[in-house]
Every structure is written in C-alpha cells, then in structure tokens.
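Q: Could you walk me through this structure? I would like to go piece by piece and ask as I go.

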Amino acid sequence: MKPANAKKRRKSYTGSLYAKINWDRAEGFFRQTRQQETKHRDYPSTKDILQILAAVGTVGLVLAFPPAITGVAAFMKLGRGSYSPWGMRRTLKRLKKQKYVTIHESRDGKVTITITKNGMVRALTYELNTLSIQKPTRWDGKWRVVIFDVPEKDKKLRDTFRMRLGQLGLYQLQKSVYVSPYPSFNEIEFLRELYGIAVTVLYLTVEKIEDDAFLRTHFDLA
C-alpha cells in the first residue's frame, strides 16, 4: 500500500520541473504540433484537447464557444479532426474531473472552457515526447556541445534533462557533456528554460573536437 503522502510528493516533483517555464515559448511549440493530423475518431483524446487549448494561449486562457456543444466540436475540427458532440462532451467531462480544464456555462448558454495550470503541464508532458532535432541535408562540419552542472540536490531534474538530451539524439561524451553535429540551440534553450536550469547549461558551437572519428562514425557522417 502506498503511503498517504506519496501523491503529494509526486505533485511537488512535477511542479518543481515546470516551476520556471516560459509559457510564451511553449505556446509556439504547441502551435507547431497542432498542424499534425490524426485519424478520425468519434471522441478526442486527452492529448487532442489539451494540445489544441494550449496552442491558442497560455495558462488561464478562456475560450468561449457558441451555446451548443457542437460549437466546441467545430473548433476541434480545425485542429485534429471531426468529433461527435457526444464524444466531445464525454472527454471534456473527464478532463474537468481530472482538473485539467474548467467548464462554465453562462445563462445565455455560452460554454467557456479554461485550461488549468495542471492541464498545461500535462499537455507539455505529452509534447515533450515528440521533441526532435531537424537534421540538415549536409553537415556543416561543426559540433554542438552541451555542458551542464546541475547540483546534486536537483538530481531528479538533472536525470530528466539527461534523458531529454538522449531523446534528441545527442551523444554523451562525458557525464555532463553531450554532443551533436546538428544545430539544436532552440531545442536546448527550450529545455533549459523549461526546467529552470538556464544558468547551469552552456551551449557551444565548436569547429573541432580532438579525435572525433568515433563521433563521425556514431552519427554516420561522411
């Protein structure tokens, strides 16, 4: 049986990872991902709704729709696909229960949906799993080096940052030194601001790394 305070600890940990996030920067990330298409379903997933709500604003943004729930469905069609009113109602009810959104219906029947801070965090967690570096057609001969020194007291945050660097395809040259041949400043800047560790992370573009043959082999470079 899990201890009573386990849930509280998990909530505190999640909050610490996102405490200093630049939500304006994150908003652009959501807009970009919103352009992707998914298969048609009668009802949208949690990810579908949160991604679209996050794409059009930051924490606390209120979206007002026509009186009928079909108005919400019409909005969702713009982002991810066409959903039935029943499907929309079902998913929104679940998100409200999970405290990812708040829903208010005014006297004139207009529905207002607000994405909460928890909803933004959940949406961002989904999207981080799709973060990637665009590889150019030709290597420019330069190396991108990421050096960081996150203190031991933030070990979990440091391990999460390492995991994300690996996800982006950077090679771990030393314990806190990662390398890539591809431009990745925007992605690294986003991650270090996201986790509130900008002052402890340094991004370098270098002309030469001594004895880099193994790196060229690893990245399959000519």
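Q: Which residues of α7 are buried?
A: This is a predicted model, and in it the buried residues of α7 are L157, R158, T160, F161, R162, R164 and L165.

Q: And how many residues does α7 have, and what does it reach from end to end?
A: Helix α7 covers residues 155–167, which is 13 residues, and it reaches 18 Å from its first C-alpha to its last, close to the 18 Å expected at 1.5 Å a residue. The helix is followed by G169, whose phi is positive, near 95°.

Q: What does F161 touch, leaving out residues up to four places away in sequence?
A: With those set aside, F161 touches V146, F148, L191, R192, Y195, I197 and V201. F161 also has a place in the largest nonpolar core, which holds 30 residues, and there F161 and V146 touch the most other members.

Q: Switching to strands, what does β6 pair with?
A: β6 runs antiparallel to β4, to which 4 bridges join it, and it also runs antiparallel to strand β5 (residues 171–174), in this case with 3 bridges. A hairpin through 2 residues joins β5 to β6.

Q: Which residue in β6 is the bridge partner of V146?
A: That is Y178, and Y178 is also the bridge partner of Q172.

Q: Are the side chains of β6 buried or exposed on its two faces?
A: Both faces are covered, with V177 and V179 buried on one side and Y178 and S180 buried on the other. As background, side chains in a regular strand alternate between the two faces of the sheet.

Q: New topic: how many aromatic pairs does the structure hold?
A: It holds 7 aromatic pairs. In one of them, W143 and F219, the ring centres are 6.2 Å apart and the planes are at 50°, so the pair is tilted.

Q: Where do W143 and F219 lie?
A: W143 lies in strand β4 (residues 143–148) and F219 in the segment after α9 (213–218), so the pair ties together parts that are 76 residues apart in sequence. Both W143 and F219 are buried.

Q: What about Y182 and F219, how are their planes set?
A: The planes of Y182 and F219 are at 90° and the ring centres are 6.2 Å apart, so this pair is edge-to-face. Y182 lies in the loop between β6 (177–180) and α8 (185–194), and F219 in the segment after α9, so this pair ties together parts that are 37 residues apart in sequence. Y182 is buried at a relative accessible area of 10%, and F219 is buried at 11%.

Q: Which residues do ring pairs link into a cluster?
A: Ring pairs link W139, W143, Y182 and F219 into a cluster. Elsewhere among the rings, the charged end of R122 sits over the ring of Y126, 5.8 Å from its centre.

Q: Last one: where is V206, and what is it in contact with beyond four places in sequence?
A: V206 is in strand β7, and, leaving aside its neighbours within four places in sequence, V206 is in contact with K142, W143 and V145. V206 and W143 are 63 residues apart in sequence, but their C-alpha atoms are 5.3 Å apart in space.

Q: Why does V206 count as partly exposed?
A: The relative accessibility of V206 is 21%, and buried requires under 20% while exposed requires over 50%, so a value in between counts as partly exposed.

Key
Residues are numbered from 1 along each chain as its sequence is written. This is a predicted model: local features need pLDDT of at least 70, side-chain atom pairs count only at pLDDT 80 or more; totals for chains, interfaces and linings use all residues. Side-chain values use heavy atoms; hydrogens and water are left out. The expected span of a helix is 1.5 Å times one less than its number of residues. Buried means under 20% relative accessible area, exposed over 50%, partly exposed in between (1.4 Å probe, protein chains only). Rings of Phe, Tyr and Trp (its six-membered ring) pair if their centres lie within 6.5 Å; planes under 30 degrees apart count as stacked, over 60 as edge-to-face and the rest as tilted. A charge sits over a ring if NZ of Lys or CZ of Arg is within 6 Å of the ring centre and within 35 degrees of the ring normal. A nonpolar core is a set of buried Ala, Val, Leu, Ile, Met, Phe, Trp, Tyr and Cys residues joined through side-chain atoms within 4.5 Å. Contact means heavy atoms within 4.5 Å. Two strands pair if DSSP finds at least two bridges between them.
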